[in-house]
Structures are given as C-alpha cells and as structure tokens.
Amino acid sequence: MPAAPRRIVVAVTGASGMPYAATLLRALARAEAVETHLILSDAAHAVMELEAGGADGTAPEGESPAAAPLTPAALAALAHAAYSQADIGAPPASGSWVHHGMVVCPCSMASLAAIANGLGTNLVHRAADVTLKESRPLVLVPRETPLSRVHLKNMLAAQEAGAVILPACPGFYHAPRTVQELVDQVVGRILDHLAVPHTLGPRWTGSAR
Ligand SMILES: Cc1cc2nc3c(=O)[nH]c(=O)nc-3n(C[C@H](O)[C@H](O)[C@H](O)COP(=O)(O)O)c2cc1C
C-alpha cells in the first residue's frame, strides 16, 4: 500500500524573492509522495508580476528559461490545491486538517508581524497560527534589509512561539556561479526543515578538499 502523502502548506507573500517560491514549488512537485497546498497573498501577485519581468511571466532577456514561467497560475499548477488569502474557510484554516509543515516563502514583514502576533485575519496568517497551535513545523523565510527593531522583535516572538526563522540569505562558500545556485541553497535548507528529501545545493562535508 503506498504511503500517505506528506502534506506541505506553502504561503507566498509580497516580499521580494519570488524565484525562491518558484524553486520551492518545483522541488515539492518533483518530490515523491508530497501534496502541496499553496496560498498566495494579494501582494504576492503584484510582486510576482514585477519579478517575472513582465505580466506574461516570461524570464527577463538573457536569463535561463528554467526561471520561467513565474505567474500565479504556473505556481498553482505545481500544487495539489491553491487558495487565495481571502479563502478563510480553506482546509489549512483548521487544525483538524492534518499537515506536516508550513513555509511562508518569501515572508513579508507585514505577514511576519501578523504571524508573530497571532492575527488570523487572512488565510496565510490563520494557517500559520494554526500550524503553531498544533505544534507543527512552521518555517518563515523573511526578505528585508535592513531590519528595524520592530522586525527583530517580531522575529524573536515568532521564533519563541515555535517558528523557524530562515532568512533568504544564501552563503557563498560553495562558490555559486549562477543566481539559481544561490536560490537552490536557500530552498534546500527550507526542504531540510520540512523533512522533504532533495538534491538542491551541495552539502557541507568538511573543509578538506
Ligand atoms: C515590488 C515590491 C517589493 C516588496 N518587497 C518587500 C520585501 O522584500 N520585504 C517586505 O517585507 N515587504 C516587501 N514589500 C511590501 C509588501 O508587499 C507589503 O508590506 C504587503 O502589504 C505585504 O502583504 P502580504 O504579507 O499580505 O503579502 C514589497 C512590495 C512591492 C510592491
């Protein structure tokens, strides 16, 4: 009998960094026995349109076609189900609907603040609140710089409530040659925290070459 799928909730909010979200969703779609539930915030739509290099979602000239398409519809096609932030009655809004982890990638400072303070006023924030109350893994991938005292306090509050704060902050020690390699490194760390096997990015095996 096949194993029950591992359910992962992915929320994409309106911070810069849509290639992280696209790479994450593609990796989850490739992973065996994973069922992905996608929530797109309204602001994510606007940022995605800018970061796709055009409303049609084609990659900017000179960039790898592997980066395209970057549209809400293309991302939704990679998921088992997709919801808007207004869909407050969707399955991830309830603790009785079991899942195995949620990631907010990228995570805006606005959504970070809402999650850190338990505001469940849209589906992204409610699903994160439910994930914390059910003691399931919650990974927040903030993308902002510099960070104000308010941002830092919200990060601490979210971490103290049980979230993992995993900034979109790739390292350079593996000598990346492309933007995609930098993106892969961050997404690989996210997948590690969700216990989803992957082959993204090299793993550190010690400094001896
Ligand atoms: C082009 C663009 C880029 C943005 N980048 C960021 C960002 O990197 N980090 C951030 O916290 N907010 C960023 N914002 C602001 C958020 O989109 C805004 O605070 C929004 O209300 C977040 O809503 P959401 O969390 O519901 O998606 C950006 C907005 C735009 C239009």
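Where does A33 lie? In this predicted model, A33 is in the loop between α1 (18–30) and β2. The fold includes an open sheet of six strands with parallel pairing, and α5 packs on that sheet. Helix α4 crosses both α5 and α6, and α4 is also one of the elements giving two or more residues to the shell around the ligand.

**The sheet**
- The strand order is β3-β2-β1-β4-β5-β6, in an open sheet with parallel pairing.
- The edges are taken by β3 (81–84) and β6 (164–165); each has a single partner strand, so one side of each lacks a neighbour in the sheet.
- Strand β5 (residues 138–142) runs parallel to β6 and is joined to β6 by two bridges.
- Across this pair, L140 stands opposite I165 of β6.
- Helix α5 packs on the sheet and touches β1 (6–12), β2 (34–40), β3, β4 (102–107) and β5.
- The direction of α5 makes about 135° with that of β4.
- Strands of a sheet pair through backbone hydrogen bonds, in either a parallel or an antiparallel manner.

**Helix α4 against α5**
- The axes of α4 (residues 109–116) and α5 (residues 123–133) come within 9 Å and cross at roughly 45°.
- An angle of 65 to 115 degrees would count as roughly perpendicular and one under 35 degrees as roughly parallel; α4 and α5 are therefore oblique to each other.
- The crossing of α4 past α5 is right-handed.
- On the α4 side the contact is made by S111, A114 and I115, and on the α5 side by V124, H125, A128 and D129.
- By class, the residues of this α4 and α5 contact are four nonpolar, two polar and one charged.

**Helix α4 against α6**
- The axes of α4 and α6 (residues 149–160) come within 9 Å, with a crossing angle of roughly 45°.
- Helices α4 and α6 are therefore oblique to each other.
- The crossing of α4 and α6 is left-handed.
- From α4, the residues M109, L112, A113, I115 and A116 meet H151, N154, M155, A157 and A158 of α6.
- The contact of α4 with α6 has eight nonpolar and two polar residues, and no charged ones.

**Around the ligand**
- There are 16 residues around the ligand, of which T13, G14, A15, S41 and A43 come nearest.
- The elements that give two or more residues to this shell are α2 (42–51) and α4.
- Helix α2 gives the most, with five residues.
- The shell divides into eight nonpolar, six polar and two charged residues.

**Backbone geometry**
- Most peptide bonds are trans, and most residues other than glycine have a negative phi.
- The bond joining C105 and P106 is cis, with omega about -10°.
- P106 lies in strand β4.
- A cis peptide bond also runs from T145 to P146, with omega near -10°.
- P146 is in the loop between β5 and α6.
- A33 is not a glycine, yet A33 has a positive phi of about 55°.

Definitions and conventions:
Residues are numbered from 1 along each chain as its sequence is written. This is a predicted model: local features need pLDDT of at least 70, side-chain atom pairs count only at pLDDT 80 or more; totals for chains, interfaces and linings use all residues. Axes are lines fitted to C-alpha atoms, for helices over the stretch in contact, and angles run from 0 to 180 degrees between N-to-C directions. Helices (H or I, at least four residues) and strands (E, at least two) are DSSP runs, numbered from the N terminus. Angles under 35 degrees count as roughly parallel, over 145 as roughly antiparallel, 65 to 115 as roughly perpendicular and the rest as oblique. A crossing is left-handed if the near helix is turned anticlockwise from the far one by less than a right angle, and right-handed if clockwise. Two residues are in contact if their C-beta atoms, placed from the backbone, lie within 7 Å. Ala, Val, Leu, Ile, Met, Phe, Trp, Tyr, Cys and Pro count as nonpolar, Asp, Glu, Lys and Arg as charged, and the others, Gly among them, as polar. A residue is near a molecule or strand if its C-beta atom, placed from the backbone, lies within 6 Å of it. Two strands pair if DSSP finds at least two bridges between them.
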